[in-house]
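User: I am new to this structure and would like a short tour. Could we go through it together?

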Amino acid sequence: MGNEGKQQFKWVGTRPVRPDGVDKVTGQANYGADFTLPGMLAGRVLRSPHAHARIKSIDASRALALPGVRAVITAADFPELPSEVVAGGESPVNYRHISENVIARHKALYEGQSVAAVAAISASIAEAALALITVDYEVLPHVIDVRAAMRPDAPILHEDMITSGVEPKPTKASNIAARTEFNMGDVEQGFKDSDVVIEREYTTQPVHQGYIEPHAAIASMAADGMTTIWCSSQGQFMIREFCAKLLHLEDAQLRVIPAEIGGGFGGKTTVYLEPLAVALSRKTGKPVKLVMSRDEVFRASGPTSGAHMTVKIGAKRDGTLVAGSLELAYQAGAFPGSPAVPGCMTAFAPYDMANAKAVGYDVVSNRAKCAAYRAPGAPISSFAVESALDELAIELGMDPLALRLKNAAKEGTRALYGPKFPIIGFVETLEAAKAHPHYSAPLKANQGRGVASGFWFNIGGQSTAAIHINEDGTAEVVTGSPDIGGSRASMAMMAAEVLGIDLAKVKPLVGDTASIGYTFLTGGSRVTFATGKAVCEAANDIVEQLRARAAKLWKCGIEDVIWKDGVAYPAQGQTDARTQLSLAEIAASAARTGGPITGKAALNVGGAGAAFGTHICDVEVDPETGRTSVVRYTVVQDVGRAIHPSYVEGQMQGGAVQGIGWALNEEYVYSEQGQMQNAGFLDYRMPVASDLPMIDTVIVEVPNPTHPFGVRGVGEVPIVPPLAAVANAVARASGVRVNDLPISPPRLLSALQKAKA
Amino acid sequence: MSKHHISLTVNGDPTEFLCETEQTLLDVLRDELGLTGSKEGCGSGDCGACSVRVDGRLVCACLVLGAELNGAAVETIEGVAKAGVLHPLQQVFLNEAALQCGICTPGIIVAAKALLEENADPSEEEIRFWLAGNLCRCTGYDKIVRAVQKAAAVMRSA
Amino acid sequence: MATVILQPAFARRYTDGVITLEVDAADYQTLIDTLDERYPGFAEGVAIRTAVAIDGQIYQDPLLEPIGPTSEVFFLPLLEGG
């Protein structure tokens with residue numbers, strides 16, 4: 001179960017220092033805002049002060065007259081795109097919506113939406129110019145709350161939006177973009193056959209990804225249209241594709257150079273500043289740099305959805321789950337695209353249940369468009385289902401882990417969304433949690449213990465890797481995957497493992513869009529799995545070439561050469577020094593044996609490994625103040641294979657803590673006018689070091705058979721269980737169950753007082 | 001408007017710069033002096049990514065005006081490693097994988113160094129409260145706190 | 001014959017409500033072509049928004065993925081992630 005003590009590899013499963021580490025501990029690493037170009041102009045963005053307003057006119061003449069101002073852009077500087085869902089890269093997108101989210105065209109749909117941008121010779125002049133742009137707004141009624149937005153009399157954001165997935169097709173526009181339904185078995189009959197039925201309502205608030213690095217971009221367009229963008233994002237190819245579509249450029253006119261990225265968690269899987277920087281550069285002929293303030297990050301970049309949910313679960317007296325139904329209304333923000341669909345697909349996935357149904361609504365309202373956030377949609381719906389299961393366990397008098405074990409999905413269990421699971425490790429996480437000393441440790445007064453489980457698909461998709469063998473036998477490993485949390489280390493380790501050479505000889509690099517083939521973004525926990533698979537295949541390609549070179553030198557067939565531990569040996573017997581060729585020796589003879597040695601793999605990787613986690617959380621509730629402190633926390637997760645266990649643990653710990661923040665404190669506060677009231681880290685309360693205990697981890701390894709080393713992916717699963725693990729712990733500690741997140745001190749205090757009264 | 005002419009030392013080197021009144025120390029370090037190791041995560045003193053020392057005192061560079069610094073001694077992340085040799089905190093952060101994206105790391109190392117100079121053997125609780133002003137969204141702080149404990153031990157035994 | 005199982009909403013729109021389909025096809029594209037002949041518009045319906053699960057393995061952009069005589073095929077919404 002643990003990775004130590006069953007070492008079968010030289011590098012995989014070890015804990016070397018990451019290759020990009022020194023730059024990051026010395027301040028030398030360059031993130032998005034750290035670049036400067038000669039002649040660079042400073043850009044600033046003018047944002048709507050209104051939650052919903054028609055833009056009647058924009059007059060920039062006074063701003064343009066300010067000395068030092070070089071250009072002002074509005075939506076008029078961008079082509080108006082048709083509203084259609086098209087296959088974009090790997091996911092369906094509506095470029096009109098992306099374009100309008102980057103710069104509002106006819107209406108501002110949320111406070112903070114960009115309406116114009118300025119480039120000037122200094123930041124202070126650009127800032128001053130913003131105040132000189134006159135926007136004539138017609139303020140419209142707005143709606144913030146998801147259920148209010150679903151009412152027939154709600155202010156309508158998009159006059160052409162007809163709910164999809166409803167038959168017959170509605171004739172009237174609404175804020176409900178889509179309805180999705182998943183069905184299995186006969187849910188109504190299942191509830192009739194149940195001995196116990198739990199039915200509850202839950203709400204969660206939108207929460208921001210909270211990456212510490214604000215969005216930043218520099219663009220420089222030459223007179224011939226050739227454009228270079230330096231920015232931090234989760235995918236340089238995504239930036240290229242979106243900018244090309246939004247500005248009617250060709251992919252080859254754009255070169256996107258990935259900066260180091262200071263956290264993303266899904267929030268940097270779209271464009272905000274990059275198209276504006278390109279348009280400003282096009283208009284000025286100079287490089288233009290745009291950097292968001294934290295205030296702008298909160299008001300204008302995507303959180304994940306808040307939601308309203310109803311859950312119904314039926315079980316036999318012995319704990320067998322018979323039926324489950326789930327209705328989810330997810331707020332998408334100003335444009336459609338909430339993760340209601342994965343919310344429907346994931347919440348019941350850990351359980352073998354014959355009858356299940358999930359209905360999801362994707363609902364727009366006047367707040368920043370949501371963006372992906374770590375296992376998008378899953379933490380929200382899992383909070384509801386895992387909380388209801390805890391109440392079911394209490395009702396049945398069962399241990400909550402035993403209830404989950406009794407119903408746990410295994411290989412061959414059919415998921416609500418259709419397929420049967422291949423080899424998975426959910427049961428193993430439950431057993432490891434049960435066996436963990438944490439689960440049997442005594443609790444003190446006002447303390448309670450909660451458990452919850454969670455599931456995420458993980459994804460594959462397109463990745464390219466290239467490996468170049470240098471003349472001295474060192475190797476460069478180039479991929480197209482931005483490194484958010486240490487993936488360069490795992491790429492180098494897998495390459496070293498396959499090549500059989502010293503890890504110190506392998507240098508990983510994240511290539512720009514012109515120097516490596518297309519690679520889908522860093523997200524979906526896909527990099528170590530999918531890009532890792534490409535790296536392994538590129539390394540295998542190298543090994544084949546090295547064997548061929550050795551065969552040439554030995555004048556034998558390639559089948560007579562074997563490759564072991566970085567050395568070519570003749571297949572038959574001889575092992576004296578003259579009949580061995582190390583990688584370095586073959587590299588030195590590259591010119592004579594056919595030229596440079598370069599391997600590559602360009603793949604569309606299928607077979608992503610579904611993954612599960614189970615968390616144990618102890619909290620202490622202060623009955624006087626309603627404050628909840630997490631006093632002990634353990635994360636158990638099946639990762640398939642941990643390539644670098646330290647960074648795997650780091651993902652598990654970080655995901656859990658983001659979930660703790662989601663459960664206890666994080667939320668958006670709006671004024672009556674629909675303006676965000678807490679757009680800063682002081683009032684948007686993310687967990688700080690003094691809020692937390694150590695986060696214990698148990699790595700479970702049930703290898704994914706589709707990956708050369710068994711990797712499933714790790715980054716997203718750990719944010720799925722914590723919301724319910726914390727809420728279940730609070731309920732067991734205080735005797736009061738709060739089904740509305742966050743369980744902030746005032747909310748819990750009022751629930752405690754209500755219960756007392 | 002005329003700019004302020006400021007003379008000070010930065011990481012021990014005599015330095016001069018011109019700045020506008022509203023430019024913060026962080027703006028000056030990043031935009032005027034090319035020292036981009038201090039990061040702007042919030043601009044309001046809440047995240048600690050721009051932690052630096054001014055005359056030995058740990059401050060957020062975004063809350064100090066450049067114009068206030070005549071004669072001051074400023075230390076930044078760029079001054080923590082000496083002559084290419086990493087400080088024990090930097091080495092232990094690498095060994096213990098106490099960083100993921102790394103954007104908060106310079107501020108945390110500067111802040112932790114200030115702690116260890118004041119208290120050579122801090123408890124877990126003291127470390128957690130000292131670093132409460134340094135946000136990290138990636139790690140959940142576990143490996144950071146452990147790394148500071150280990151670095152303290154390394155420094156005590158040096 | 002491989003078994004194709006559809007979500008009810010998709011079936012209502014493209015297959016007159018038939019949820020379970022038996023198809024003789026050796027690969028994904030042949031399966032889609034066959035179903036499109038049987039239910040015109042089917043191919044377009046799965047083109048934009050769909051990934052496929054063949055015997056439990058999910059593929060985001062399928063074309064010639066092999067399908068066995070007892071395979072189970074599901075269409076899924078395209079999945080992304082954070």
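**A tour of the model**

Analyst: We may begin with chain B, which has five helices and five strands. Please note that this is a predicted model.

User: In what pattern do they follow along the sequence of chain B?

Analyst: The pattern of chain B, read along the sequence, is β-β-α-β-β-β-α-α-α-α. The radius of gyration of chain B is 16 Å, close to the 15 Å from the globule rule for 158 residues, so chain B is as compact as a globular protein of that length.

User: What does the C-alpha trace of chain B span along its principal axes?

Analyst: The span is about 50 × 30 × 25 Å. Buried residues account for 56% of the 158 residues in chain B. Of the contacts in chain B with a separation of 6 or more, 58% are between residues 24 or more positions apart.

User: Turning to chain A, how is it divided into domains?

Analyst: Chain A has domain 1 (21-28 + 460-605) and domain 2 (377-458 + 609-756). The C-alpha centres of these two domains of chain A lie 39 Å apart. Their contact takes 14 residues from domain 1 and 17 residues from domain 2.

User: Which elements give two or more residues to the domain 1 side?

Analyst: They are α15 (487-499) and α16 (527-554) of chain A. α16(A) gives the most, with five residues. By class, the domain 1 side has five nonpolar, seven polar and two charged residues.

User: Why is helix α13 of chain A described as largely enclosed?

Analyst: Seven of the 10 residues of α13(A), which covers residues 426-435, are buried, so the helix is largely enclosed by the rest of the structure. Among the buried residues are Phe426(A), Val427(A) and Leu430(A). The buried residues of α13(A) pack against several elements of chain A, including α12 (400-407), β18 (447-456) and β26 (611-621).

User: And how many residues does the contact take from chain C and from chain A?

Analyst: It takes 23 residues from chain C and 38 residues from chain A. On the chain C side, the elements that give two or more residues are α1 (8-14), β4 (57-59) and β5 (72-77). β5(C) gives the most to that side, with four residues. The residues of the chain C side divide into 12 nonpolar, six polar and five charged.

User: Lastly, what is the mean pLDDT of chain C?

Analyst: The mean pLDDT of chain C is 88, and 98% of its residues reach 70 or more. The model scores ipTM 0.98 and pTM 0.97.

Conventions
Residues numbered from 1 in each chain as written. Chains lettered and ligands numbered in written order. Predicted model: local features only at pLDDT ≥ 70, side-chain atom pairs only at ≥ 80, totals over all residues. Contact = placed C-beta atoms within 7 Å. Nonpolar A, V, L, I, M, F, W, Y, C, P; charged D, E, K, R; others polar. pLDDT = per-residue confidence, 0-100. Rg over C-alpha atoms; globule rule 2.2 N^0.38 Å. Buried ≥ 20, exposed ≤ 12 C-beta atoms within 10 Å, placed from the backbone. Domains from an automatic or database assignment.
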